[in-house]
Amino acid sequence: TPEQLRVILNGNRFVAAECSRTDCRKSLGLGDDVCVVLTAASLLPYKGHALALEAFALAQSRVGVEMAFLIAGRDEGELPGLRQKAESLGVTGKVHWLKERADVADLLQASDIAMLCSEQEGSPNFLIEAMGFSLPIVATEVGGVPEIVENGVHGFLRPSGDVDGLGSGLAMLVADEGLRFRMGREGKARALARYSMERCCADHIEMYAGLG
C-alpha cells in the first residue's frame, strides 16, 4: 500500500578534490579569470550534449566574460558529431573534451557552474556532487532533477529543448559572481543535508528497524 512505501534518497560521500582550485585549473590549461562550466555524463544522445553546446554558445555571445566548457564522459559514438556541432557554433576553442575521467572531484573543484541538459533522467548523481562543491546548476527540468535542484534557489531549470532559457540562465550565472556564490551556498547546504552517506545509512537503519 502507499502507506508502506518509503523513499530513501541517494547517499554521496562527497569526495574531496586532490588539488587546489588554482592547481586543478592549471592542469587543464585554464586561468583564474575564466568562468568554467562543467558537464559530466556519457556521450549519449539523450544526455543532451548538443543542447548544452548551444546553450553555452548562446551564453558566451551574451556576456563579456571569458568562458570554458569542460565535457567529461565516455564517448558512445557521439563525439565526432559533437565536435562538428561545436565548430558550427564557433566555440571549438572553448570546449575541452576530457573523455572518461576518474578525477571528477578535481574537475568540480576547477569549475564555476555545473550544467546537465538531458532529455530524460533518474536522479543524477552529477548534480548532487556538483552542489556538494558549491556549484550552481543549469539543467533541464526532467525526471528527478527538480527533486534535487529547486529552480531559482540552487540554479536554473528549464524544459528540455529550451535553448534560450538554458542559455539565458547560464549567462546570468556567468555575469553575476554573487549570484553564483549564493546559489552555490544554498545548493551545498541542501546536498549535505539530504544526500550525505550518513543520512542515507540512517534512513536505511530506521526503515529496517521499523519492520519489526
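Residues are numbered from 1 along each chain as its sequence is written, and side-chain values rest on heavy atoms, with hydrogens and water left out. Because the model is predicted, local features need pLDDT of at least 70 and side-chain atom pairs count only at pLDDT 80 or more, whereas totals for chains, interfaces and linings use all residues.

Helices (H or I, at least four residues) and strands (E, at least two) are DSSP runs, numbered from the N terminus. Six strands make up an open sheet with parallel pairing, in the order E3-E2-E1-E4-E5-E6; two strands are taken as paired if DSSP finds at least two bridges between them. Strand E3 (95-99) and strand E6 (155-158) are at the edges with a single partner strand each, so one side of each has no neighbour in the sheet. From one strand to the next, the twist averages 20°; angles run from 0 to 180 degrees between N-to-C directions, and axes are lines fitted to C-alpha atoms, for helices over the stretch in contact. Strand E2 (residues 67-72) runs parallel to E3 and is joined to E3 by four bridges. Within this pairing, Leu70 is opposite His96 of E3. Helix H7 (residues 163-175) lies across strand E1 (35-40), E2, E4, strand E5 (137-140) and E6, and runs at about 175° to E5.

A search of the whole structure gave one aromatic pair. Rings of Phe, Tyr and Trp (its six-membered ring) are paired if their centres lie within 6.5 Å; planes under 30 degrees apart count as stacked, over 60 as edge-to-face and the rest as tilted. The pair consists of Phe56 and Phe69, which are stacked at 5.1 Å centre to centre with 20° between the planes. Phe56 belongs to helix H2 (residues 49-62) and Phe69 to strand E2, so the pair ties together parts 13 residues apart in sequence. Phe56 is buried at a relative accessible area of 0%, and Phe69 is also buried, at 0% (buried, under 20% relative accessible area; exposed, over 50%; partly exposed, in between; 1.4 Å probe, protein chains only).

H2 contains 14 residues and spans 20 Å from its first C-alpha to its last, close to the 20 Å expected at 1.5 Å a residue; the expected span is 1.5 Å times one less than the number of residues. Ten of the 14 residues of H2 are buried, so the helix is largely enclosed by the rest of the structure. Among them are His49, Leu51, Phe56 and Gln60.

Glu121 lies in the loop between strand E4 (113-116) and helix H5 (125-132) and is buried, with a relative accessible area of 18%. Its side chain makes a polar contact of 2.7 Å with the side chain of Lys47 and another, of 2.7 Å, with that of Ser118. A polar contact is a pair of N or O atoms within 3.5 Å; within protein, one must be able to donate a hydrogen and the other to accept it, and residues adjacent in sequence count only if both atoms are side-chain atoms. Leaving aside residues up to four places away in sequence, Glu121 touches Lys47, Leu116, Val142, Gly143, Gly144 and Val145 (contact, heavy atoms within 4.5 Å).

Positive phi values occur at two non-glycine residues, Lys99 and Ser134. Lys99, in strand E3, has phi near 60° and is exposed at 53% relative accessibility. Ser134, in the loop between H5 and E5, has phi of about 65° and is partly exposed at 31%.
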